[in-house]
Amino acid sequence: MEKLITCFKEKPEAIARLICFPWAGGGSIHYARWGNVLNSSIEVLSVRLPGRESRAKEPFFENMQQIVDEVLHLLLPVFKEKPFALFGHSFGAHTSYAVADALKKLHNIEPVHIFLSGAPAPYSETRIQTTKRSDLSDKDFLKWLGSIGGTPPELLANPEVLQLFLPALKADLHVVENYKCNTPLSPFLSCPVTCFDGKDDIPHDLQAWKDITTGDFLVRMLDGSHFYLKDPGNEQIILDYITKHLETSEMDYL
């Protein structure tokens, strides 16, 4: 499990775990920090995909099924041990969905809450019609990357840094752009689903996420563009919300 997960602060007495999936090209550190901020009732496990950090020499995954297979293979005991929630932004939101879908179908396990951010439902019409970016030339790709915000301009202008993170970003975008699934015929989950998004990001079909659950569904719009969650104020709003709802869900779970 150690190769897949970064956990800055183990909390054996935690009542629930928050399992976080990275955005495209992202590593595990951003979310792992949350483990130092959240109180002792929530342990944070941040997923580290191949091709980055300590797994830099491993080849990138080529499709969503490979990610799901590894997560279920290595984390199934974790999913069974105590209540857990999933959090994912953009690419990570679709990964969260794919993992939740497989957990329910194969093991009849579901999270106590799913927190989805910055992404339309994978089966929504607006997402299906979205232009593919992973096949763009590096020049056009960087122009697009600069337009969505969240990446420091000095990083985009540094060839050495770009050489390190562009391959992972393009590999993840290839995975998510080729991930296909049908609209659920009926909701397969009963847990609450919360969607976060930036008010200035391109519009996402967030309401389509409602199709996955019979539980409560809520959308929270926060100031900012695609990487609104990097803003310290927005991050605190998200963490406070997660804490409140995971502690409440534990009472429901018991």
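Glu-53 sits in the loop between β3 and α3, where helices (H or I, at least four residues) and strands (E, at least two) are DSSP runs numbered from the N terminus. The model is a predicted one, in which local features need pLDDT of at least 70 and side-chain atom pairs count only at pLDDT 80 or more, while totals for chains, interfaces and linings use all residues. Residues are numbered from 1 along each chain as its sequence is written, and side-chain values use heavy atoms, with hydrogens and water left out.

The phi of Glu-53 is near 50°, a positive value in a residue other than glycine. Most residues other than glycine have a negative phi. Glu-53 is partly exposed, with a relative accessible area of 34%; here buried means under 20% relative accessible area, exposed means over 50%, and partly exposed lies in between (1.4 Å probe, protein chains only). The loop between β3 and α3 also holds Arg-55, which counts as buried at 1% relative accessibility. Leaving aside neighbours within four places in sequence, Arg-55 is in contact (heavy atoms within 4.5 Å) with Lys-3, Leu-4, Arg-48, Leu-49, Pro-50 and Glu-70. A positive phi, of about 60°, is also found at Ser-90, which is not a glycine. Ser-90 belongs to the loop between β4 and α4 and counts as buried at 18% relative accessibility.

The strands come next. Seven of them form an open sheet with mixed pairing, in the order β1-β3-β2-β4-β5-β6-β7. β1 (5–6) and β7 (217–222) stand at the edges with a single partner strand each, so one side of each is left without a neighbour in the sheet. Two strands are taken to pair if DSSP finds at least two bridges between them.

Six of its six residues are buried, so β2 is largely enclosed by the rest of the structure. Ala-16, Leu-18 and Cys-20 point one way from β2, while Arg-17, Ile-19 and Phe-21 point the other way, and all are buried. β2 runs parallel to strand β3 (residues 42–47), joined to it by five bridges, and Leu-18 has Val-44 as its bridge partner in β3. With strand β4 (residues 84–89), β2 pairs in the parallel sense, again over five bridges; the partner of Leu-18 in β4 is Ala-85. Further along, strand β5 (residues 113–117) and strand β6 (residues 193–198) pair in the parallel sense over four bridges, with Ser-117 opposite Phe-196 in β6.

Two helices meet this sheet. α3 lies across β1, β2, β3 and β4 and runs at about 155° to β2. α4 packs on the sheet, touching β2, β4 and β5, and its direction makes about 145° with that of β4. Axes are lines fitted to C-alpha atoms, for helices over the stretch in contact, and angles run from 0 to 180 degrees between N-to-C directions.

The two helices also meet each other. The axes of α3 (residues 64–81) and α4 (residues 91–107) come within 10 Å and cross at roughly 60°. That makes α3 oblique to α4, given that angles under 35 degrees count as roughly parallel, over 145 as roughly antiparallel, 65 to 115 as roughly perpendicular and the rest as oblique. Residues of α3 including Met-64, Val-68 and Phe-79 meet residues of α4, among them Phe-91, Ala-98 and His-107.
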